[in-house]
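User: I'm new to this model and would like a friendly tour. Could you take me through it by question and answer?

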Amino acid sequence: MAMVTITAYHEYLIAAYGLVLGTMTVLTARTFWRLRVRRDLGGHVTDHVNKV
Amino acid sequence: MGKLRRHRLLMLAWLTSFLGLALGMLLYSLRDNLSVYVTPSELKALKHVPKSLDLGGLVAQNSFFRLHGVQVRFVLTDFQQQITVFYTGILPALFREGQGVIVSGALQNNGSFIATRVLAKHDENYRPPHLPNTNGKSNKESQ
Amino acid sequence: MWHRWISLLSPKGFLRGTKFWARVLGVLAILLMGYGLFAGLFLVLADYQQGDAFRIIYVHVPCAMLSMSLYFAMALMSFSTYVWRLKIADMLAANCAILGAVFAALALCTGAVWGKPMWGTWWVWDGRLTSELVLFFLYLGVIALRSAIADAFKASRACALLSILGIVNLPIIHFSVNWWHTLHQKSTLLGLHTPTMADSMLWPLLASMAGFCCFAAWWVIQNTRADILSQQQAIDKRGCA
């Protein structure tokens, strides 16, 4: 399949794709930032209570 | 399963089904008001025509005329009834003859319709331009 | 066999058991989304009617689908929380609510960006758009309820109940385009004569949807892991002090 050239609606496509991919990037970054406590704990986990 | 768990489960089932039933009845009674538009046939059947309303249908073939500038005239049809629409303004990119549109405005005493807004509907079919329509449905379907 | 699954139900077992699979999901998400979105933007031919604007479908439909399936997942988890009091289910439900709200907002925004050039308007109060907006507010309601109640036990029960009751909105969103005259078109993938899309356009869309699903699963699992870890940290601090 050959690449096609987009001829119109560039600004709408950039807005839609940018919004979605930008949000997902932020979500991903936040997740990794939250997971950083893993290192401080050094993998040790005690038994939690399983019920709310 | 313990008695307490069964009690919780039953209560949830009752609550959800009651809410579903209540909402279903509400939506059933509101079904006409929730629709965005009426078709020309539905409009003719209305006893009381509201001052401003949304009308949906297809732009009839060979009915589109540019009067002058951005002032246009076309016929809106649902293949049973038709209404002449006048509109002044920019038309959406999908507007063309045979396309489904929704016009907002007011019905005039002479039976024509003066629109203040025109929205274009598109259908659920997607294909590249050179491919024939293999979906077994008309592309003009929009009702 | 069963033992492995049951071990996932405890926070400690969840932390151990999901480590590998979360990574697999992450890699799958990158590959599938990468192919789907690249093909959608640069390989697929423009639509016969909408031209290049139709390419928004490759982000809009996955977001809309996820906003609904995350709600379903949240309701399932809430059900387990309500009936069996499973802590892990409650944590998963809380994360589903956050991600679901984000995807509902994204579905509404990308829909508006698509609607403006094609329909001629950003927004219209039709059945599909309004019921999706209701879904967004339901998510916000669940999130707000959890933060409003200080007692964790009470909060989880209240959120679970609201989530389960809100599930009646899902069939309304799905069938809204059939029940009422709407500006939004009927379903392409799950309609009567489906799919009503050329194969060359369909495969990238399915890949993109699968990729978004993997991303959502990855995100919910990883954030639940992070929740467990930060709770552990809190326990450790209390132990030291």
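Residues are numbered from 1 along each chain as its sequence is written, while chains are lettered from A and ligands numbered from 1 in the order in which they are written. This is a predicted model, where local features need pLDDT of at least 70, side-chain atom pairs count only at pLDDT 80 or more, and totals for chains, interfaces and linings use all residues.

User: What pLDDT does chain B average?

Analyst: Happy to start there! pLDDT is the predictor's confidence in each residue, from 0 to 100. In chain B, 87% of the residues score at least 70, and the average is 81.

User: Which pair of chains shares the most contacts?

Analyst: Two residues are in contact if their C-beta atoms, placed from the backbone, lie within 7 Å. No contact joins chain A and chain B, whose closest C-alpha atoms lie 11 Å apart. Of the 2 pairs of chains in contact, the one with the most contacts is chains A and C.

User: Which helix gives the most to the side of chain C that touches chain B?

Analyst: The contact takes 36 residues from chain C and 35 residues from chain B. Helices here are DSSP runs of H or I with at least four residues, numbered from the N terminus. On chain C, helix H4 (57–84), helix H5 (87–118), helix H7 (152–165) and helix H9 (199–240) each supply at least two residues of that side. The one that gives the most, with 3 residues, is H4(C).

User: How is H4(C) oriented to H7(C)?

Analyst: Axes are lines fitted to C-alpha atoms, for helices over the stretch in contact, and angles run from 0 to 180 degrees between N-to-C directions. The two axes come within 8 Å and cross at roughly 135 degrees. Angles under 35 degrees count as roughly parallel, over 145 as roughly antiparallel, 65 to 115 as roughly perpendicular and the rest as oblique. Therefore H4(C) is, relative to H7(C), oblique.

User: Is A:Arg36 buried or exposed?

Analyst: A:Arg36 sits in the loop between helix H1 (10–34) and helix H2 (37–41) of chain A. A residue is buried if 20 or more other C-beta atoms lie within 10 Å of its own, exposed if 12 or fewer, and partly exposed in between, with C-beta atoms placed from the backbone. Because A:Arg36 has 10 C-beta neighbours inside 10 Å, A:Arg36 counts as exposed.
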